[in-house]
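I opened this notebook to go through side-chain pairings one at a time. The entries follow the order in which I looked things up.

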Amino acid sequence: QGKFVESGGGLVEPGGSLRLSCTASGFAFDQYAIGWFRQAPGKDLEGISCISSVNDYSYYRESVAGRFSISRDNSKNSVLLEMTNLKPEDTGTYYCAVDEGACDPDGAEYWGQGTQVTVSL
């Protein structure tokens, strides 16, 4: 059974930066696209950024494009999400999961426990 472990969240002021990391186990990591998904308070789970299995394509939600950067290291079964110029609306719990297509949380698998990001003064 596959799983992810996320880390790197925290409390940061608007305009600040964070680096989220997740490490996978229990499945053939290098054969799957991986995504970062967010559950904001009172909102539905949404796809933030996803990356193809061989690192040749990435997707960003419009609200984070230009501020967030996703990367992966298949030798370490890990995916990073570099977040800059953070805004209060970026607040939420961030999860890694296997992306089954379109960076849609409905089709994602192997959810981790999430890491909390809070952007506030």
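Which residue lies over the face of F29, and at what distance from the ring centre? I looked it up in the model, which is a predicted one. R72 is the residue over that face, 4.5 Å from the ring centre.

Entry on the aromatic cluster. I found F29 again in an aromatic cluster, together with F4, F27, Y32 and Y110.

Entry on ring pairs. I counted 6 aromatic pairs in the structure. For F27 and Y110 I noted ring centres 5.1 Å apart and planes at 45°, so I logged the pair as tilted. F27 sits in the loop between β3 (18–25) and β4 (34–39), while Y110 sits in the loop between β9 (92–98) and β10 (115–119), so this pair ties together parts 83 residues apart in sequence. I then checked accessibility. F27 has 14% relative accessibility and counts as buried because the cut-off is under 20%. Y110, at 24%, is partly exposed.

I took Y95 and W111 next. Their ring centres are 6.0 Å apart and their planes stand at 85°, which is over 60 and therefore edge-to-face. Y95 belongs to strand β9 and W111 to the loop between β9 and β10, so the pair ties together parts 16 residues apart in sequence. W111 is partly exposed, with 31% relative accessibility.

Entry on salt bridges. I got a count of 5. In one of them, R19 pairs with E82, with the closest N and O atoms 2.6 Å apart. R19 is in strand β3 and E82 in strand β8 (residues 78–83), so I noted a link between distant parts of the chain, 63 residues apart. I recorded E82 as partly exposed, at 27% relative accessible area.

R38 and E46 form another salt bridge, 2.7 Å from N to O. Both R38 and E46 are buried. I also logged R67 with D90, at 2.8 Å from N to O. R67 is in the loop between β6 (58–60) and β7 (68–73), D90 is in the loop between β8 and β9, and the two are 23 residues apart. R67 and D90 are both buried. I traced a network of salt bridges that links R38, E46, R61, R67 and D90.

Entry on G10. I placed G10 in strand β2 (residues 10–12). G10 is partly exposed, at 24% relative accessibility. Leaving out neighbours within four places in sequence, I listed L18, Q116, V117 and T118 as its contacts. I also looked up the C-alpha separation of G10 and T91, which is 9.8 Å for two residues 81 apart along the chain.

Technical notes. Residues numbered from 1 in each chain as written. Predicted model: local features only at pLDDT ≥ 70, side-chain atom pairs only at ≥ 80, totals over all residues. Heavy atoms only, no water. Phe/Tyr/Trp six-rings, centres within 6.5 Å; stacked < 30°, edge-to-face > 60°. Helix = DSSP H or I, 4+ residues; strand = E, 2+ residues; numbered from the N terminus. Buried < 20%, exposed > 50% of the residue type's maximum accessible area, 1.4 Å probe, protein only. Lys NZ or Arg CZ within 6 Å of the ring centre and 35° of its normal. Contact = heavy atoms within 4.5 Å. Salt bridge = Lys/Arg side-chain N within 4 Å of Asp/Glu carboxyl O.
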